[in-house]
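Me: I am new to this structure and would like to know what stands behind the terms used for it. Please set each value against its definition.

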Amino acid sequence: MKRIVFLLSAVCLLLMTACDIETSSNGDLDGYWHLQQIDSLSNNKVCDYGNQRIFWSIQADLLQLWNLEDQPIICQFTHENGVLTIKNPCLFDRSAGDTMITDVEVLKSYGVNAIPAVFQVVSLNSESMVLESPLLRLYFNKH
């Protein structure tokens with residue numbers, strides 16, 4: 001009986017050490033964000049996006065930009081010292097191969113107006129996020 005318990009314990013220990021568990025150090029940044037509003041910092045114009053279905057989905061080091069009408073966009077990002085930098089945007093199409101986006105016009109409806117895009121994280125908690133680029137301030141609610 002002791003041999004069986006020892007053997008089962010050894011097998012369980014080996015199975016547990018064979019698995020890698022990926023974790024993210026993004027904290028509250030990880031999640032599913034709904035774009036609510038974009039403010040222009042140059043002319044104080046406010047655009048309400050609350051009724052539109054524009055989302056940012058963040059996990060690990062990937063950011064997916066999407067709405068229900070267009071093909072999703074996948075980007076890499078870094079989040080360091082209160083700065084979120086979005087880079088390498090691609091049209092998300094696994095079957096045909098992701099196509100790198102070079103025209104920033106494709107990204108403007110998501111509040112991204114440069115490649116790479118650099119945002120200061122003005123505020124971030126488990127419910128809301130405010131990002132600011134040199135031209136825009138973006139407001140999000142978490143879903």
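Reply: A helix here is a DSSP run of H or I with at least four residues, and a strand is a run of E with at least two, numbered from the N terminus. The model is a predicted one.

Me: In what order do the elements run from the N terminus on?

Reply: The order is α-β-β-β-β-β-β-β-β-β-β.

Me: What makes K108 and E105 a salt bridge?

Reply: The rule asks for a side-chain nitrogen of Lys or Arg within 4 Å of a carboxyl oxygen of Asp or Glu. In K108 and E105 the closest N and O atoms are 3.0 Å apart, so the pair meets the cut-off of 4 Å. Side chains of opposite charge can pair when their charged atoms come close.

Me: How many salt bridges does this rule give?

Reply: The count comes to two. Besides the pair of K108 and E105, the side chains of E132 and R137 form a salt bridge, with 2.8 Å from N to O.

Me: Why is E132 called partly exposed?

Reply: Buried means under 20% relative accessible area and exposed means over 50%, with partly exposed in between. E132 has 23% relative accessibility, so E132 counts as partly exposed.

Me: What share of the chain is buried?

Reply: Buried residues make up 29% of the 143 residues.

Me: What makes a set of residues a nonpolar core, and how many residues has the largest one?

Reply: The members must be buried, belong to a list of residue types that includes Leu, Phe and Trp, and be joined through side-chain atoms within 4.5 Å. The largest such core has 27 residues, and W56, L65, F119, L131 and L138 have the most contacts inside it. Among the elements that give two or more residues to this core are β1 (31-40), β8 (117-124) and β10 (136-142).

Me: Which residues is L138 in contact with, leaving aside neighbours within four places in sequence?

Reply: Its contacts include W56, F119 and L131, which are also named among the core residues with the most contacts. L35, I38 and Y110 are in contact with L138 as well.

Me: Where does V104 lie, and what does V104 touch?

Reply: V104 is in the loop between β7 (99-100) and β8. Residues up to four places away aside, V104 touches V112, N113, A114 and I115. A114 is ten residues from V104 along the chain, and their C-alpha atoms are separated by 6.0 Å.

Technical notes. Residues are numbered from 1 along each chain as its sequence is written. This is a predicted model: local features need pLDDT of at least 70, side-chain atom pairs count only at pLDDT 80 or more; totals for chains, interfaces and linings use all residues. Side-chain values use heavy atoms; hydrogens and water are left out. Buried means under 20% relative accessible area, exposed over 50%, partly exposed in between (1.4 Å probe, protein chains only). Contact means heavy atoms within 4.5 Å.
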